[in-house]
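Open your viewer and get ready to select a few residues one after another. At each stop you will read what to click on and what is there.

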Amino acid sequence: MKIVACNSNRPLAEAVASSLGLPLTSASIRRFADLEIFVEIHENIRGEDVFVVQSTSYPANDNLMELLITLDALRRSSARRITAVVPYFGYARQDRKSGPRTPISAKLVANLITAAGANRVLTMDLHAAQIQGFFDIPVDNLFAAPLFSRDITERYKGRGLMVVSPDVGGVVRARAIAARLHTDLAIIDKRRERAGVSEVMNVIGEVEGRHCILVDDIVDSGGTLCNAADALRKNGAEGVSVYVTHGVFSGGAVARVGSSAIESMTVTDSILATEAVRVSGNIRQVTIAPLLAEAMRRISEESSVSSLFN
């Protein structure tokens with residue numbers, strides 16, 4: 001078993017390797033003068049079970065190309081099996097035709113990863129579950145719900161909790177956590193007038209006097225979650241905390257969250273935290289390294305991964 005780390009989130013790859021008690025495979029990923037990517041593996045990996053750890057986060061296109069070229073290098077080095085470990089799968093929000101003459105980019109990226117040489121994919125909290133069907137190779141889609149549920153129980157024990165979905169599309173995700181916590185579920189009904197701008201319409205559920213836990217898979221601009229927090233407080237919520245799997249935090253998202261009604265936002269380290277995130281007063285990270293490491297160990301040993309979904 002070999003672990004190769006690309007450049008998007010090397011600290012996570014190092015933590016995964018440490019959990020497995022393995023060193024990272026020696027490799028170099030560098031740029032030519034015109035920014036072409038060059039990958040060289042410095043160890044013999046013939047016949048090995050190789051895992052490539054790379055989130056396709058910002059800069060998404062550079063990190064995607066790093067992943068594809070690394071997969072190709074491993075395939076041409078006669079690796080026995082190559083697993084693309086993509087904690088954050090970029091382009092996942094383009095999972096359907098949103099209008100006339102628009103792409104389904106998630107399917108295109110799935111084709112590219114397969115063509116580059118991946119034999120299977122390990123990822124976490126895909127934006128849409130049907131993206132697994134875009135691949136013609138096995139996909140293991142892990143969930144942050146067990147990790148979040150344990151953290152919520154430890155941090156908010158004894159408080160009257162209410163799990164809230166920030167939109168109708170996230171109800172299944174929020175319901176899974178509500179079931180684990182044995183608490184009620186509320187839904188934010190919002191109308192999006194244009195991309196990146198959301199308007200909260202009303203709150204479905206009785207949130208007065210409850211500490212609300214907003215649950216989502218991605219925080220990008222932060223507008224949806226900040227507006228949802230405002231709506232919950234106006235409806236009498238005692239406080240609002242947020243749990244999100246992938247902290248994209250584009251533009252002024254960190255400042256927006258910092259000045260919002262959100263008491264605490266918890267994200268995983270599927271995406272490398274920026275300096276703004278690290279020094280933020282109300283954003284914290286929890287690690288997914290042990291979960292990824294266990295899934296990788298089970299894949300390598302050909303044992304069941306399904307229990308990790310629960």
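## First stop: a buried histidine

Select His211: with a relative accessible area of 0%, this residue is buried (buried means under 20% relative accessible area, exposed over 50%, and partly exposed in between, with a 1.4 Å probe and protein chains only). Before you go on, note that this is a predicted model, where local features need pLDDT of at least 70 and side-chain atom pairs count only at pLDDT 80 or more, while totals for chains, interfaces and linings use all residues. Residues are numbered from 1 along each chain as its sequence is written, and side-chain values use heavy atoms, with hydrogens and water left out.

His211 sits in strand β11. Helices (H or I, at least four residues) and strands (E, at least two) are DSSP runs, numbered from the N terminus.

Which side chains make polar contacts with His211? Show Arg159, whose side chain is joined to that of His211 by a polar contact of 3.0 Å. Then show Ser241, where the polar contact with the His211 side chain is 2.9 Å. A polar contact is a pair of N or O atoms within 3.5 Å; within protein, one must be able to donate a hydrogen and the other to accept it, and residues adjacent in sequence count only if both atoms are side-chain atoms.

Now display the wider surroundings. Leaving aside neighbours within four places in sequence, His211 is in contact with residues including Tyr156, Leu161, Met162, Val240 and Glu263. Contact here means heavy atoms within 4.5 Å.

## Second stop: the listed binding site

Next, select Arg192, Asp216, Asp220, Ser221, Gly222, Gly223 and Thr224, which UniProt lists under "binding site" in an unreviewed entry. UniProt positions are given in the numbering used here, feature names are shortened, and annotations may be inferred rather than shown by experiment.

Zoom in on Gly222, in the loop between β11 (211-219) and α6 (223-234). Is Gly222 buried or exposed? With a relative accessible area of 6%, Gly222 is buried. Not counting residues up to four places away in sequence, Gly222 touches Ala253 and Arg256.

Step on to Gly223, which belongs to helix α6. Gly223 is buried too, at a relative accessible area of 16%.

Colour residues 1-117, where UniProt places the feature "domain: Ribose-phosphate pyrophosphokinase N-terminal" (unreviewed entry). This stretch is 33% helix and 21% strand, and its end C-alpha atoms are 17 Å apart.

Look for Tyr58 and Pro59, which are joined by a cis peptide bond with omega of about -10 degrees. Pro59 is in the loop between β4 (49-53) and α2 (60-75).

Move on to Tyr91, in the loop between β5 (81-86) and α3 (105-116). Although Tyr91 is a residue other than glycine, its phi is positive, near 70 degrees. Tyr91 counts as partly exposed, at 29% relative accessibility.

Then try Asp125, in the loop between β6 (120-124) and β7 (139-142). Asp125 is not a glycine, yet has a positive phi of about 45 degrees. At 8% relative accessibility, Asp125 counts as buried.

## Fourth stop: an aromatic pair

A pair of aromatic rings is described by the distance of the centres and the angle of the planes. Rings of Phe, Tyr and Trp (its six-membered ring) pair if their centres lie within 6.5 Å; planes under 30 degrees apart count as stacked, over 60 as edge-to-face and the rest as tilted. By this rule there are three aromatic pairs. One of them is the tilted pair of Phe32 and Phe38, at 5.7 Å centre to centre with 45 degrees between the planes. Phe32 is partly exposed, with a relative accessible area of 43%, and Phe38 is partly exposed at 29%.

## Last stop: the whole chain

Zoom out. The protein chain has nine helices and 14 strands. Its C-alpha trace spans about 60 × 45 × 35 Å along the principal axes. Of the 310 residues in the protein chain, 52% are buried. Among contacts with a separation of 6 or more, 62% come from residues 24 or more positions apart.
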